[in-house]
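Hello,

Here is the structure I promised to pass on. Please look it over first; my notes follow below it.

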Amino acid sequence: MRLDAVDKKLLNDFQRGLPLEPRPFARIAETLGLSEHEVLERLADLHDRGAISRVGAVVQPNTVGASTLAAMAVPADRLDEIAAIVNAEPAVNHNYEREHEINLWFVVAAADAAGVRETLRRIERKTGFKVLDLPLEQAFYIDLGFDLR
Amino acid sequence: MIPDITDRRLLDAIADGLPLTSRPFATVAAWTGLGEDEVIRRLGRLLAGGVVKRLGVVVRHRELGYHANAMVVWDVPDDEIAEAGRRAAAYPFVTLCYQRPRRPPIWPYNLFCMIHGKDRAAVKAQIATLNGQAGLARYGHAVLFSRLCFKQRGARFDREPAPALEVA
């Protein structure tokens with residue numbers, strides 16, 4: 001992906017601290033010496049090109065609703081089929097294949113713990129595979145964004 | 001702080017991101033039936049209260065050339081995990097660092113670190129640093145590189161189908 005110096009600054013320097021004022025992008029534009037319009041165009045373009053998933057909030061796990069990291073051991077030849085069943089669950093927001101005997105890893109988030117449990121049970125029922133439920137017990141890291149430089 | 005029902009509604013409304021418009025909070029206000037100043041005030045409180053970790057650009061590592069991602073897990077005695085977790089989390093390439101339960105016998109690990117790098121060699125070098133410098137080598141560990149990404153989006157906590165957790 002081709003990124004110029006301004007794109008890189010937008011991606012690296014504004015992962016936190018979005019100005020909490022009526023025109024936040026005008027404030028960002030000011031610090032970059034651009035117009036508000038140009039900042040909005042560039043962010044929309046970075047979004048379209050897949051460089052950013054959104055401009056928004058990253059929520060600390062287990063402060064709003066409930067969530068867990070779940071995992072399953074799935075035979076390789078059934079992975080796509082099982083992943084599609086997992087993806088179809090509205091409470092699933094990340095779903096990855098990883099290189100391990102336990103190879104399908106996904107995050108389930110719902111309004112409360114019962115909602116999470118229901119989703120895990122439904123996935124077990126629909127797939128026939130056991131789901132490992134690995135909820136967060138302690139966080140050691142405060143997410144300040146990711147340094148791209 | 002405990003977010004109230006209005007906070008939840010607000011976080012759900014922006015789960016897919018703020019609108020990229022001149023006055024994004026005014027648009028969100030219209031979506032949620034709140035005032036623009038109320039949206040801004042509530043987001044400020046959610047940040048100060050630690051419910052929202054950050055508000056800004058959420059990047060997609062893979063698309064930006066960070067093609068290698070590993071979840072590295074260790075089996076650390078319970079009375080040592082707080083210290084081990086703090087040591088691992090101090091490295092800038094560790095993007096998440098959590099304690100989660102073991103599920104013996106199939107899953108003996110309780111310390112989880114997420115590492116992003118340009119390629120596998122870079123990530124392997126970073127893991128070597130954690131095992132060496134950070135002193136984690138004495139614990140049993142496993143490295144789970146990610147292969148396919150089937151889904152990545154912000155979390156939604158509403159009861160309706162569908163804010164934003166990051167795990168990978």
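**Layout of chain B**

Along its sequence, chain B runs α-α-α-β-β-α-β-β-α-β. That makes five helices and five strands. Helices (H or I, at least four residues) and strands (E, at least two) are DSSP runs, numbered from the N terminus.

A word on the basis. This is a predicted model, where local features need pLDDT of at least 70, side-chain atom pairs count only at pLDDT 80 or more, and totals for chains, interfaces and linings use all residues. Residues are numbered from 1 along each chain as its sequence is written, while chains are lettered from A and ligands numbered from 1 in the order in which they are written.

Chain B is assigned domain 1 (5–48) and domain 2 (62–145). Such bounds come from an automatic or database domain assignment. Over C-alpha atoms, the centres of the two domains of chain B lie 35 Å apart.

**Contact between the chains**

Strand E1 (residues 52–59) of chain A joins E1(B) in the antiparallel sense, over seven bridges. Pairing needs at least two DSSP bridges between the strands. A:Val58 sits opposite B:Arg54 in E1(B).

Best wishes
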